[in-house]
Amino acid sequence: MDYRLEKDSLGEVKVPADKLYGPQTARAVENFPIGEEKMPIEIIRAYGIVKKAAVLANHEQGLINRARRDYILRAAEELTAGELDQHFPISLWQTGSGTQTNMNVNEVLVNRISQLAGEELGSKKPVHPNDDVNMSQSSNDTFPTAMALAAVIKVEDFLLPIFADLKSELEAKAEEYKELVKVGRTHLMDATPITLGQEFAAFAAQLEDIIEMLKDSLKYLKKLPLGGTAVGTGLNTKAGFDELAVKYINLETDKNFRAAANKSAGIAAHDSFVNLSGVLKTAASFLMKLANDTRWLASGPRCGIGELKVPKNEPGSSIMPGKVNPTQAEALFQAAAQVMANDTAVNIGGGSGNFQLNVTKPLIIYNILQSIRLLGDAASSYNQRCLSGIEPNEEQIDNYLEQCLMLVTALNPVIGYDKAAEIAQKAFKEELSLKEAAVSLGYLSAEEFEKHVDPKKMTKANIE
């Protein structure tokens, strides 16, 4: 491999000749040979937005000239567009402030600018990585700002639309099957009737609440610590930099961020990310139940519950011919489980700040972005390849409903709980229908039983 020599405050460093990063990045590659995980590309591209906003604010405040501003803007545009992705090799498992990644960004932008200006790589001409690209900034405030940008954009532009589509499909199923009466189940045991539509409507209602929780969680993330520099005090910035920089971030993203009133809080702790992770875990809990109910209700096809028929996407066994499994539901379950595990890591990270700095920033954002991606991908796949193709097995549904002993509950207001229980017990022990047991005990005539025990009427308030 060909190398060039670049210099930082510790001395000369060999840098691969075909890379735009510099000595601090090369040191980080050598010093953090940990795992296979790299910094999420969403953070790198969010950093492009942060660097653009910072240089625009600095220029407006008279701290950097137009020529340097324009060079930084051009290189940062390329960064945000994904044209420089190959120059970010550092492991996720680096310093907890994200300093290596911030300097990776600064060095790549500077060397790209050197290319554009016809200067040698590593010359730090015509722009300096610390003095110009990092002006009015620290890793401590820019990294959590990039974290917030990446998380908000990913939730609003990726996850929420997917959840909206899933909710629409659940609502469509609720409407389509609103008249199809079936057995309800509590404690995994037979319960009073419900319609299949009501079952789907309950899922839609859960998801509606989760969507609102997600939207609410973002308002805390939108308070940016940019301008706080090292410990939140704003050292080495000009008054008003924070507001100007956030203004430019909003022009770029249209996400209504605002400058945090207390920037130390956004540097020393990441409660807003812990909160978001908790909502993502709640979403995972919902999706896990959706997956499990799908699996149970579609179990069979002959020896399970078998009330639902799921699409046959692929063969289900390498040894059992003709077997088809609820694979989309299983994938959804696994993704949900991983999100729950990620939340544990975020909680530990969020509680691990010391004094003026939380030093688990890469850990926190990696797990949050992975959770968002997993929830979105798994929910979208389940929606397209399972939920949209689900059909009821009406013959099985009707068969279970006819046998359900809990239909006797409708008799509570008529003959009382004790007599109704006696009917159910007699029917079960003697293998009678409820009507046969009721008539045999002399509590009701056949006509009276049919009048009061109507499964359809039992799916709503029924006392006149």
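Q: What volume does the largest pocket have?
A: The largest pocket has a volume of about 1,000 Å³. Keep in mind that this is a predicted model.

Q: Which residues lie nearest the centre of that largest pocket?
A: Val183, Gly184, Arg185, Met189 and Asp190 lie nearest its centre, out of 34 lining residues.

Q: How do the residues of that lining divide by class?
A: The lining of the largest pocket has 21 nonpolar, 4 polar and 9 charged residues.

Q: And which helices and strands supply at least two residues each?
A: On the strand side, E3 (181–186) and E4 (189–195). On the helix side, H7, H10, H13 (394–403), H15 (417–430), H16 (434–441) and H17 (446–452).

Q: Which domains each give at least three residues to that lining?
A: Domain 2 (141–178 + 194–235 + 252–395) and domain 3 (404–457).

Q: How many Å apart are the C-alpha centres of domain 2 and domain 3?
A: Those two centres lie 45 Å apart.

Q: What is the rest of the domain layout?
A: Besides domains 2 and 3, the chain has domain 1, which covers 3–135.

Q: How many cavities of 30 Å³ or more does the structure hold?
A: It holds 3 of them. The largest cavity contains about 90 Å³ of space.

Q: What lines the largest cavity?
A: Leu196, Glu199, Phe200, Phe203, Leu290, Asp293, Thr294, Leu297, Leu308, Tyr382 and Ile390. By class that is 8 nonpolar, 1 polar and 2 charged residues. Helix H7 (196–221) and helix H10 (271–297) each supply at least two residues of this lining.

Q: Now the packing. Which residues have the most contacts inside the largest nonpolar core?
A: Ile43, Phe163, Leu166, Leu170 and Leu214, in a core of 106 residues. Helix H6 (residues 139–176) gives the most to this core, with 17 residues.

Q: Why does this core lie between domain 1 and domain 2?
A: Because domain 1 (3–135) and domain 2 (141–178 + 194–235 + 252–395) both give residues to it.

Q: What does Leu170 touch?
A: Setting aside residues up to four places away in sequence, Leu170 touches Phe200, Phe203, Ala204, Leu207, Phe286, Leu290 and Leu387.

Q: Which residues does the second, separate core include?
A: Val181, Ala438, Phe449 and Met458 are among its 21 residues.

Q: Thr195 next. Where is it found, and is it buried or exposed?
A: Thr195 is found in strand E4. Its relative accessibility is 2%, under the 20% limit, so Thr195 counts as buried.

Q: Which residues is Thr195 in contact with?
A: Beyond its neighbours within four places in sequence, Thr195 is in contact with Tyr177, Lys178, Leu180, Val181, Lys182 and Thr459.

Q: Where does Leu432 lie?
A: Leu432 lies in the loop between H15 and H16. At 27% relative accessibility, Leu432 counts as partly exposed. Leaving aside neighbours within four places in sequence, Leu432 is in contact with Lys426, Ala427 and Ala437.

Q: What separates the C-alpha atoms of Leu432 and Leu196?
A: They are separated by 27 Å, and the two residues are 236 residues apart along the chain.

Key:
Residues are numbered from 1 along each chain as its sequence is written. This is a predicted model: local features need pLDDT of at least 70, side-chain atom pairs count only at pLDDT 80 or more; totals for chains, interfaces and linings use all residues. Side-chain values use heavy atoms; hydrogens and water are left out. Domain bounds come from an automatic or database domain assignment. A nonpolar core is a set of buried Ala, Val, Leu, Ile, Met, Phe, Trp, Tyr and Cys residues joined through side-chain atoms within 4.5 Å. Buried means under 20% relative accessible area, exposed over 50%, partly exposed in between (1.4 Å probe, protein chains only). Helices (H or I, at least four residues) and strands (E, at least two) are DSSP runs, numbered from the N terminus. Contact means heavy atoms within 4.5 Å. On a 1 Å grid over the protein atoms alone, a cavity is a set of points where a 1.4 Å probe fits but cannot get out, and a pocket is an open set with protein on both sides within 12 Å along at least five of seven lines; lining residues have an atom within 4 Å of a point. Grid points are joined across faces, edges and corners, and a volume is the space filled by probe spheres set on the points. Ala, Val, Leu, Ile, Met, Phe, Trp, Tyr, Cys and Pro count as nonpolar, Asp, Glu, Lys and Arg as charged, and the others, Gly among them, as polar.
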